[in-house]
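Subject: Structure handover

Hello,

Here is the structure for your files. My notes follow below it.

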Amino acid sequence: MSRKPVVLITGASGEIGHGLIEALSKTPDRPVITLDLAPLDPGLAGRVRQHYVGSILDPQLLDRILAEYEINLIFHLAAVLSTRGEFAPMTAHKVNVEGTLQMLEFAQKEGESHGQPVVFVYPSSIAAYGLPNLNVKQQAGKVREEQFNTPTTMYGCNKLYGELLGSYYAGHYKQLSIHQVRGKVDFRGLRFPGLISAITAPSGGTSDYAPEMIHAAAQGKPYACFVRPDTRIPFMAMPDAVDSLLRLAECPHERLTRTVYNLGAFSPSAQEIHDEVASAFPDATISFQVDERRQGIVDTWPADVEDSSARRDWGHSPRFGFREAFREYLIPTIRERYAALKS
Ligand code: AKB
């Protein structure tokens, strides 16, 4: 009996999943199956072949999926983000590390069963960095992949280890075994900056102040930004994040020179984000009420990242800079969305 070839997305009900499902559904020759603890948004459910409500930590569920489908591409999006992870570090470890390990083992079994490497796309994060203090952050400029790999959050530690696990599965899995079982997982990681979507609002992250500020202003709600106005970290508009996932997934393996890539797009301060939002929504009430503990996390993340490897190897090329992201994507789409919800 032959299994059906599909793409698998874990954590599909989250922010990235939303955009990714929409993009993948435009190429019907690549059917998608999804897995998440939550049901899919009704607007997306019709775009996937099958949605499994369940956990990446449930081996029986993974076995069922393996029995039914032939999977050659996995987008492993399921994760507990940096703020939530500090309230529940054991849960973060379970989902982010044990869950990733289960999914890598799943990819290995899939690869062994159909004989082809399974491309495993893994969103990592700027949280994988840990700069020791603000002085070093200001001096560091654009941080390269191998610098400051000393994260201070549970999520950052989990993501960095997830990258290492992926490299292990890709290059050294069971290296002492007499039978050659290596090379069945083609692991590809991207260190995303903070992401901003016009369609969905994030939850559980520490870069959330940017999207929260815009979504609050568009709904006429007051917003207290929890970081200082001079805080600077890299951000990216969601369509560029989705585009980069697809580009990296499609890139021929021989063109890749690393297993994990930095991705940059724009790097505004919180004050610059405030100014852009306030000029689009002049009635917005935005204040700065610094939460020192969340500020402490953002201060360990780089102000900008060096992403020339991604640009050279697989053509990372974000469409939106700071002003375009706001003026051509975020503001018009968010306006339209909340106007439609009102009517
Ligand atoms: C978070 O804030 O935890 C995430 C991230 C930067 O990975 N958005």
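Tyr 169 counts as buried because its relative accessibility is 6%, under the 20% limit. Tyr 168, at a relative accessible area of 33%, is partly exposed, since that value lies between the limits of 20% and 50%. Please keep in mind that this is a predicted model.

The count of aromatic pairs comes to 11. Tyr 168 and Tyr 169 make up one of them, with ring centres 5.7 Å apart and 90° between the planes, an edge-to-face arrangement. Tyr 209 and Phe 235 form a pair with centres 5.8 Å apart; their planes are at 90°, so this pair is edge-to-face too. The angle decides the label here because planes over 60 degrees apart count as edge-to-face.

Now to the ligand. The space that the ligand takes is the largest pocket. Around the ligand are Leu 81, Ser 82, Ser 125, Ile 126, Tyr 155, Gly 205, Thr 206, Ser 207 and Trp 301. Sorted by class, this shell has four nonpolar residues, five polar ones and no charged ones.

- Ser 125: an N or O atom in the side chain is 2.7 Å from an oxygen atom of the ligand.
- Thr 206: a backbone N or O atom lies 2.6 Å from an oxygen atom of the ligand.
- Ser 207: an N or O atom in the side chain is 2.9 Å from a nitrogen atom of the ligand.

On its own, the ligand has 250 Å² of accessible area, and the protein covers 92% of this.

Regards

Technical notes: Residues numbered from 1 in each chain as written. Predicted model: local features only at pLDDT ≥ 70, side-chain atom pairs only at ≥ 80, totals over all residues. Heavy atoms only, no water. Near = heavy atom within 4 Å. Polar contact = N/O pair within 3.5 Å; in protein donor to acceptor, adjacent residues only side chain to side chain. Areas by Shrake-Rupley, 256 points an atom, 1.4 Å probe, with all protein chains shown as cover. 1 Å grid on protein atoms, 1.4 Å probe; cavity = no way out; pocket = protein on both sides within 12 Å on 5 of 7 lines; lining within 4 Å. Sits in = over half its atoms within 2 Å of the grid points. Nonpolar A, V, L, I, M, F, W, Y, C, P; charged D, E, K, R; others polar. Phe/Tyr/Trp six-rings, centres within 6.5 Å; stacked < 30°, edge-to-face > 60°. Buried < 20%, exposed > 50% of the residue type's maximum accessible area, 1.4 Å probe, protein only.
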